[in-house]
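Let's take a quick tour of a protein chain, from its inside to its surface. Have the 3D view ready as you read.

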Amino acid sequence: MTIHKSQGSEFRHAVVVLPERPSPVLTRELIYTGVTRGKERVTVVGDPEVLQAALSREVRRASGLMDLLWPGGAA
């Protein structure tokens, strides 16, 4: 099951398997979601450098919605 599909679910033991290389999709928020699925125990499998890269990357939205709603950055 992917982390996205697990949202809203809770398991006694969750296992978060990281990719072999850092990925722009792997962010701090995604790791948080995966780790918080485990009610009693969580196991993270993967390279510590990949985990560190993910934890230092925040989600950056690129929908352009803010610019459409507030042209010129008047938010």
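Predicted model: local features only at pLDDT ≥ 70, side-chain atom pairs only at ≥ 80, totals over all residues.

Residues are numbered from 1 along each chain as its sequence is written, and side-chain values use heavy atoms, with hydrogens and water left out.

**The core**
- The largest nonpolar core has 8 residues, among them Ile 3, Val 16 and Leu 30. Such a core is a set of buried Ala, Val, Leu, Ile, Met, Phe, Trp, Tyr and Cys residues joined through side-chain atoms within 4.5 Å.
- Buried means under 20% relative accessible area, exposed over 50%, and partly exposed in between (1.4 Å probe, protein chains only).

**A buried threonine**
- Thr 33 counts as buried because its relative accessibility is 13%.
- Beyond its neighbours within four places in sequence, Thr 33 is in contact with Ile 3 and Gln 7 (contact means heavy atoms within 4.5 Å).

**Salt bridges**
- The whole structure has 2 salt bridges, each a side-chain nitrogen of Lys or Arg within 4 Å of a carboxyl oxygen of Asp or Glu.
- In one of them, Arg 12 pairs with Glu 40, with the closest N and O atoms 3.9 Å apart. Both Arg 12 and Glu 40 are exposed.
- Glu 58 and Arg 28 also meet in a salt bridge, at 3.6 Å from N to O.
- Arg 28 is partly exposed, because its relative accessibility is 37%.
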